[in-house]
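Come along and see what I looked up.

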Amino acid sequence: MSKRKPIRPSARTANITYAVRDVVILAQQAADEGKDLLRLNIGDPNLFDFTTPPHIVDAVVEAMRSNHCGYSPSSGIAQARQAIAAEAQGKGIRSVQDIFITTGASEAIDVALSALVNPGEKVLAPMPGYPLYSAVIQKLEAIETPYHLDEDNSWQPDTDDIAAKIDDKTRAIVVINPNNPTGSLAAPQALQAIVDLAARRGLVVLADEIYDKLLFDGARHVPLASLSDGVVVTFNGLSKSYLAPGFRLGWGIVSGPAAMVGDYVEAINKLLRARLSAHHPGQYGITAALEGDHSHLQTALEKLTRRRDLTVRMLNEIDGISCVAPGGAFYAFPRLHIDRPDTEFVKGLIRQTGVVVVPGSGFGQKQGTQHFRVAFLAPEQTLQQAYRKIDAFLRTFRKG
Ligand SMILES: Cc1ncc(COP(=O)(O)O)c(C=O)c1O
């Protein structure tokens, strides 16, 4: 007779969490109990009044009608890789050695790390930062070494902290610019200091620039790879700037001295070949996106600027909350001046008000501080309603 014992999952998955989706379960419970949800938890523009530009959709539909429905080459179709190369060159990215198209930037991140780090090796990653990096590093049985973003200095990367934490086991430094969850834009001097440190110590810089076109106040994005003589893998994709996260298309650009990256590029390509290809017809949308009309960005940024301003103003008016103004992306990471964990605050908030945000602890934060992340993609009226509810809830929470 067969034994019916529960299947034992791998130990490497034990500590993997993804706070952004974890709150969804709580939100569902609140909805089942009749609460109207105000969803400020997910960075998905298409849940609100943002739609994929039609010329990008048309290019994909046309590709499907033309039967580009088989597998594509493992690194992606030539015309999309050429469009990515041309854009990289225009942005001053030097010595591009390889371009690979993936299932979202998420897969590019997974592949770039998997081809680089061995169990027990270290990757420096920002704290607060995007939790996918922690999950992949854990999966690889490598070690994440968090470095601080300084809230007192508009969440700038603390380059002294980075320098102090590099050791012989360190292989890479992750930079997310603009950052998720803080929305902060790193100053060029900080970026230069990071690439110089990395080049001196022979480290790979993983530059996550998926929000590079979503900048406020006329700011200009400086690609990390444009400052570096060392090895950089730059991540980008269609999810954010092109309002198409459901296409699941992203890419990685490997740049740096040819003599340094040959084996690494081959390792990346072995992994890419093993998983066949990214979504083939969708890749025609990459060419349309990068080479076509970009006017959707102006409209999106006008809306997002109003929503950012309202977010920063209303949150800073709440007694017990302070909020650094984001310079890009569509997130803010307000600080809660409370003496209980932010997870407790967020659970109570969702249950009692239906306002869904993500606890700061899901992104990493300086010990002893409490935060939450809001995605300010919703229309102003929804945001206003949500911030009023947060204000009222915090008053009772602080008494409790
Ligand atoms: C910093 C950052 N990198 C990568 C991703 C994943 O992007 P994709 O949808 O292209 O997989 C996200 C998604 O929110 C993100 O915020």
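**Ground rules.** I am working with a predicted model, where local features need pLDDT of at least 70, side-chain atom pairs count only at pLDDT 80 or more, and totals for chains, interfaces and linings use all residues. Residues are numbered from 1 along each chain as its sequence is written, and side-chain values use heavy atoms, with hydrogens and water left out.

**Cavities.** I looked for cavities (sets of points on a 1 Å grid over the protein atoms alone where a 1.4 Å probe fits but cannot get out; lining residues have an atom within 4 Å of a point). I found two of 30 Å³ or more, a volume being the space filled by probe spheres set on the points, which are joined across faces, edges and corners.

**The largest one.** Of its 13 lining residues, Leu149, Pro157, Ile176, Asn179 and Ala186 are the closest to the centre.

**Asn180.** Is this residue buried or exposed? I note Asn180 as buried because its relative accessibility is 2%, and buried means under 20% relative accessible area with a 1.4 Å probe, protein chains only. Its side chain makes a polar contact of 2.8 Å with that of Arg373 (N or O atoms within 3.5 Å; within protein, one able to donate a hydrogen and the other to accept it, and residues adjacent in sequence counting only if both atoms are side-chain atoms).

Definitions and conventions: On a 1 Å grid over the protein atoms alone, a cavity is a set of points where a 1.4 Å probe fits but cannot get out, and a pocket is an open set with protein on both sides within 12 Å along at least five of seven lines; lining residues have an atom within 4 Å of a point. Buried means under 20% relative accessible area, exposed over 50%, partly exposed in between (1.4 Å probe, protein chains only).
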